[in-house]
Amino acid sequence: AVTLAPRFEPESKWSIHAVTRFELDLTTVDTDGKKSSYSQIKSREDTYSREFVEVRDGFPTKQTLMWLVSRESVSHDMTQKPAVTINELEGRTFQLTSQGDGQSVICLNGTVGEKSLQQVPAREQCLVLLPSKPIALGDSWNVEGADACRFLDGAYAVIPDQESSISCTLKDVRTEG
């Protein structure tokens with residue numbers, strides 16, 4: 001069994017490949033009070049590096065994030081392959097600085113919209129998914145309630161209900177570099 005916890009070290013570099021797939025059943029209410037329901041599949045793939053420039057008291061205060069891949073797709077029909085859209089994070093490098101309770105993000109090579117700038121620190125919301133106890137390969141755990149909601153809202157702008165649950169499984173442990 002291993003304990004999954006971040007270890008931030010100055011001048012270290014992480015390589016991150018994150019693939020997510022949401023299968024959502026949504027109910028909406030229009031201004032006349034009419035309800036409608038539909039299903040949606042939302043997929044996203046991000047590959048980026050995260051270099052810790054400054055670390056204080058075990059937490060990163062300044063880091064550089066370089067996106068190699070950032071793509072997403074949305075579909076309402078499970079029988080058809082959805083079109084993939086390239087997110088404006090792809091090919092961009094960002095500097096993320098933590099100051100007190102806040103963070104600032106700047107794009108170092110070009111410009112991106114405010115929504116994309118907000119996605120840079122939100123990608124690190126994945127740390128809330130880590131289990132509190134040691135686990136072994138193949139073990140599964142659930143993240144529920146407020147923790148699930150905080151992750152989905154912060155990282156993916158999906159606003160779930162309080163009954164939401166995220167199932168996680170440790171599939172692989174590797175040492176690289």
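A residue counts as buried when its relative accessible area is under 20%. By that rule, 34% of the 177 residues in this chain are buried. The model is predicted. Its mean pLDDT is 86, and 94% of the residues reach 70 or more.

**Overall build**

The chain holds two helices and eight strands. Along the sequence they run β-β-β-β-β-β-α-β-α-β. The C-alpha atoms fill a box of roughly 55 × 45 × 35 Å along the principal axes. The accessible surface is about 11700 Å², with 49% of that belonging to carbon and sulfur atoms. Among contacts with a separation of 6 or more, 52% join residues 24 or more positions apart.

| Element | Residues | Mean pLDDT |
|---|---|---|
| Helix α2 (lowest) | 145–156 | 74 |
| Strand β4 (highest) | 85–86 | 94 |

Strand β7 covers residues 140–144, and its side chains alternate. Trp-141 and Val-143 point to one face and are buried.

β7 pairs with strand β8, residues 165–169, in the antiparallel sense over five bridges. Glu-144 has Ser-165 in β8 as its bridge partner.

**A nonpolar patch**

Leu-137 sits in the loop between α1 (114–122) and β7. Its relative accessibility is 56%, so Leu-137 counts as exposed; the cut-off is over 50%. Together with Val-2 and Val-173, Leu-137 makes a nonpolar surface patch of about 250 Å².

Key
Residues are numbered from 1 along each chain as its sequence is written. This is a predicted model: local features need pLDDT of at least 70, side-chain atom pairs count only at pLDDT 80 or more; totals for chains, interfaces and linings use all residues. Side-chain values use heavy atoms; hydrogens and water are left out. pLDDT is the predictor's confidence in each residue, from 0 to 100. Helices (H or I, at least four residues) and strands (E, at least two) are DSSP runs, numbered from the N terminus. Buried means under 20% relative accessible area, exposed over 50%, partly exposed in between (1.4 Å probe, protein chains only). Two strands pair if DSSP finds at least two bridges between them. Patches are made of residues with over 30% relative accessible area and no salt bridge: like charges are joined within 9 Å, nonpolar side chains (Val, Leu, Ile, Met, Phe, Trp, Tyr) within 5 Å. Accessible areas come from the Shrake-Rupley method with a 1.4 Å probe; for residues, only the protein chains shown count as cover. A salt bridge is a side-chain nitrogen of Lys or Arg within 4 Å of a carboxyl oxygen of Asp or Glu. Contact means heavy atoms within 4.5 Å.
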